[in-house]
Amino acid sequence: MTKTGPSAEKSSFLARLGRFREINVLVALVLLGLYFYWRRPDIFVKPANLAVIMRFIATFGMLAIGEVLVIITGGIDLSVGSMLAFTGVITAWMMLKGVGSIPPIGVIPAILITLVVGALVGIWHGTFVTKLKIPPFIITLGTYLIARGLAANITRGYPQVFDSGHPFLILGQGDLARLFGLQGGGLFGAIPISFVILLFIATIIYVILNHTPLGYRIYAVGGNLEAARLSGVNVDRVRIFCYATSGFLAALTGVILASRLGQGTPVVGSAYELWAIAAAVIGGTSLMGGEGTVLGAILGAAIMGVMQNGMVVLNLSSYIQDVILGMVLVIAVVYDTLRRGGGFDFLKKWFSKPA
Amino acid sequence: MSEQNLILRVEGVSKAFPGVQALSNVDLELAPGEVLALVGENGAGKSTLMKILSGAYRKDIGRIFVDGREVEITGPRHAQQLGIAIIYQEFNLAPNLSAAANIFMAREPRRSGLGRLFVDRRRMEQEAQKLLDRIGARISASTLVRNLSVAERQMVEIAKALAVDARIIIMDEPTSALGEDEVEKLFEVIRTLKQQGIGVIFITHRLEEVFRVADRVVVLRDGARVGGMPIQEATPEKVIQLMVGREVEDLFISRRAEIGPPLLEVRGLTRRGVVENVSFNLRRGEILGFAGLVGAGRTETVRMIFGADPRDAGEILIEGKPVSIGSPRDALAAGIGFVPEDRSNHGLVLRLSVLENIVLPSLDRHTRLRFWLDRMGLLKTAQEFVNKLNIRVAQLQQKAMFLSGGNQQKTVVAKWLALRPRILIMDEPTRGIDVGAKAEIHALMSQLAREGVGIIMVSSELPEILGMSDRILVMSEGRVAAILNREEATQELIMAYASGEKVEDQEISMVSNPATP
């Protein structure tokens, strides 16, 4: 019952650490890393292997950030996996073949157009969800089918393959060593460009969520749509923004993936939306809406990346890998649910003396 | 009454939560056919005690006797077996099932023989009807619950309790969502239960109800029992004094604000089938009370003014100029604030902090370069209103869900005050909050009126309407039945207009509305 002024904000480092919500995920990540390092110190921390993990995080972290935004508002975006294929195909198509009578265009314009297309698809989703009250699950499931179908139709099923020297390929295949012309370059040089892009995007979204009115409104809309509306929040615009960002980030990931694979192919990205959602959830995003952070999304993607890579390093069969990843997801969600709901009270009872 | 006759006896029960002693050493006794009113401010421990009795919580220490036998209530099912039923404010009914199916949920009567796999629907409806008739509820057991009114759903809940042979029925704020006429029906049901030897524990904030229905009153404060007495020995002043632990001079602080020129004018506001042709005006510094029965269209009217719901027709003028209000955002821009009836679903984002809730409508006023939030500014604003409204919170980052009802309501008010509105609409501003917080909100309203804010107050509590309003607009069946001056208004007159018994002709209405030119 004490009154606090703004000065009470400055609390001890430990207290702040305790409030740091992603601490559990971070601890789990560090423990996982240590375990794999202990099992295979010769491979796991090699720059080349870390680069593999970072590429994984770049892909799923980006998608997970989009999902986090949509999920905070109480929605879901099932289209992102198919959008990867669609945007990868159209960007390759624009660079290599041109559309109809329009000749091929340069790398930068093609990428920009693709990103705009991604954002427009997101706006399409958001408009259906807000104006027509179509459940997000359904409208994005529609795009899930439409986008992959279009991708296959455009290419007639054949991938659009780039020549090995194509400048576009630097985006997905390059690392800092190549960018700066370093010889070797160690760990720093091994950092993929796509990972740097992820950090850049994450910073922007973090700032939006934490330092702008829009960010506050996103959480308010997710926490209680009606209360937000009655507080004068333009709830439709806020939600459309989140879907648009998810579409934009799917397109960006699609472009990077096309570059990494050296082709635009309609078969890429299958079930990636589910991995992205899993990463968001492992990172503490509540599917009920209202909760979720950028850092959580990246840490969630990192846990999945480290797990997946570590299991490859340990030579586990790919069949068992999926089983383990699925179990990690379940454990993470159960843990989080119990923690929030005070479901761990039984532990307190076990460890405290009876009254 | 002798101890053997008690159906329930609670002795020295305590319960602690991390950081809070919710109950300490509480005694309670209940005889068959007795109606016990349990009163106390929010956070006094009423709900905790009820949850212990209904098996939702386990007590730390103390003893509980049912029919003189000591029991250890292990869970909700066990409480049910002991004959204890609780009816929460939020009902646990399936809206798409019939009243009968709800009453017999999970205990549906079966057919005989091989038919035991199937529900005997006819017998279920007959028996449900018997239970509903027994409490005097005029509901057909085959009606779907979603087609029942709030009051009728409550009857279904009571019948459901009787279906499992409950002999102790606990009602948590049963009247908070009921209109005046429905409250009386509920009380008839309670009197019927009483005649049948059932003990009723009745939790309420409305003292007037305690004196209408209870045989005995027990007061809790800060987790302890501070008093209990037969109703004949109790007076409202005595009970309030026990509840708040101090003398409350007058529930309504007298105020005389300077009433200024017309601020808001509403003409012909209509939504077909709900609100018909509502016209009135509001002046600077005036508190205009909206009285009427539940369902008379008061909430619908104010929500339309605020742009929360669409309207079919009607004009809104502020300071003589027509304004176009199509959404709450437009209303905000026009200087209107709205404290909704349902604070936890419409007023607050419970998962967000007090800070975030207070600044939500005024975020744009705390930015640099139009997009970067000025955190210190936000903190300062929130702190200013937390202090001004005396919102009791450990820190601004505390989530709104952990506040008591009164402090939640003050937080809703604070978020509008931070916008410095010219017009404040308050729908049931003090429903379900304790006496202390209620007085504070009333004082605040008076102060705002003195500062020139025009206030529309929708309230179902006639003493509040009479105590706070400068003028009273009475609605009945979607129309304005009368606009009364404070001096001419009485409880009886308002009820007469509200129930449609008395119909005022247009001319008198104009005369009694001094602001109409």
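Reply: Two strands count as paired here if DSSP finds at least two bridges between them. In general, the strands of a sheet pair through backbone hydrogen bonds, either parallel or antiparallel. The model is predicted.

In chain B, strand S13 (residues 287-292) and strand S21 (residues 471-476) pair in the parallel sense, over 5 bridges. Within this pair of strands, B:Gly292 stands opposite B:Met475 of S21(B).

S13 and S21 of chain B belong to an open sheet of 6 strands, whose order is S16-S19-S20-S13-S21-S22. The pairing across this sheet is mixed. Strand S16 (336-339) and strand S22 (479-485) of chain B stand at the edges; each has a single partner strand, so one side of each is left without a neighbour in the sheet. On average, neighbouring strands of the sheet are turned by 20 degrees against each other, with direction ignored.

Helix H15 of chain B, residues 435-450, lies across S13, strand S19 (423-427) and strand S20 (454-458) of chain B. Helix H15 runs at about 150 degrees to S20(B).

B:Leu36 lies in strand S3 of chain B, residues 35-39. Leaving aside neighbours within four places in sequence, the contacts of B:Leu36 include B:Leu30, B:Ile201, B:Phe202 and B:Val218.

Definitions and conventions. Residues are numbered from 1 along each chain as its sequence is written. Chains are lettered from A and ligands numbered from 1 in the order in which they are written. This is a predicted model: local features need pLDDT of at least 70, side-chain atom pairs count only at pLDDT 80 or more; totals for chains, interfaces and linings use all residues. Helices (H or I, at least four residues) and strands (E, at least two) are DSSP runs, numbered from the N terminus. Axes are lines fitted to C-alpha atoms, for helices over the stretch in contact, and angles run from 0 to 180 degrees between N-to-C directions. Two residues are in contact if their C-beta atoms, placed from the backbone, lie within 7 Å.
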